[in-house]
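Hi everyone, thanks for making the time.

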Amino acid sequence: MPIYISLFEPKKKALVNGAVALVIALDAPNKKAAEGIAIGKLYEKYPESVDNFFGAKTVEDQTGHPRPAIGQFDEKFAAENVFDGNAWTDRKSTRLNSSH
């Protein structure tokens, strides 16, 4: 099964209260299933905070791009990497490439 990466970005009010973006990688048969599984995992892990996040932005894992550990939320991944809507890129390599 392919691996999908889902990003949950906090809403503005949640950001003010210290919420951070959450990212999770999951095995799923397709993108729609991955988003459903990711939302279920969000309810399991953060049941009181689900309404503080926008819907998942999900992309299939791509060889050569960063990926968080499978099956668990990563609270640092979005801060250490950049999601352009199509792929994740290491924030450090993005800075190095833009300085040339």
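I'll start with the sheet, then move on to a few residues, the salt bridges and the aromatic rings.

Quick housekeeping: this is a predicted model, so to speak of local features we need pLDDT of at least 70, side-chain atom pairs count only at pLDDT 80 or more, and totals for chains, interfaces and linings use all residues. Residues are numbered from 1 along each chain as its sequence is written, and side-chain values use heavy atoms, with hydrogens and water left out.

When I say strand or helix, I mean DSSP runs numbered from the N terminus: E for strands, at least two residues, and H or I for helices, at least four. Two strands pair if DSSP finds at least two bridges between them. In general, strands of a sheet pair through backbone hydrogen bonds, either parallel or antiparallel.

Strand 1, residues 3–8, is joined to strand 2 by six bridges. One detail to look for: Ile5 has Ala25 in strand 2 as its bridge partner. Contact here means heavy atoms within 4.5 Å.

Now zoom in on Ser6, in strand 1. Is Ser6 buried or exposed? It counts as buried, at 1% relative accessibility. The cut-offs are under 20% relative accessible area for buried, over 50% for exposed, and partly exposed in between, with a 1.4 Å probe and protein chains only. The side chain of Ser6 makes a polar contact of 2.8 Å with that of Thr58. That term covers a pair of N or O atoms within 3.5 Å; within protein, one must be able to donate a hydrogen and the other to accept it, and residues adjacent in sequence count only if both atoms are side-chain atoms.

Over in strand 2 we have Leu22, buried with a relative accessible area of 2%. Leaving out residues up to four places away in sequence, Leu22 touches several others, including Ser6, Phe8, Leu42 and Phe73.

How many salt bridges does the whole structure have? Two, counting a side-chain nitrogen of Lys or Arg within 4 Å of a carboxyl oxygen of Asp or Glu. In one, Lys57 meets Glu9, with the closest N and O atoms 2.8 Å apart. That pair links distant parts of the chain, 48 residues apart: Lys57 is in strand 3, Glu9 in the loop between strand 1 and helix 1 (12–16). Lys57 is partly exposed at 41%, and Glu9 is partly exposed at 30%. Arg67 and Asp61 also form a salt bridge, 3.0 Å from N to O.

Last stop, the rings. There are four aromatic pairs, meaning rings of Phe, Tyr and Trp (its six-membered ring) with centres within 6.5 Å; planes under 30 degrees apart are stacked, over 60 edge-to-face, and the rest tilted. Phe77 and Trp88 are edge-to-face because their planes are at 65°, with centres 4.9 Å apart. Both Phe77 and Trp88 are buried. Ring pairs also link Phe8, Tyr46 and Phe73 into a cluster.
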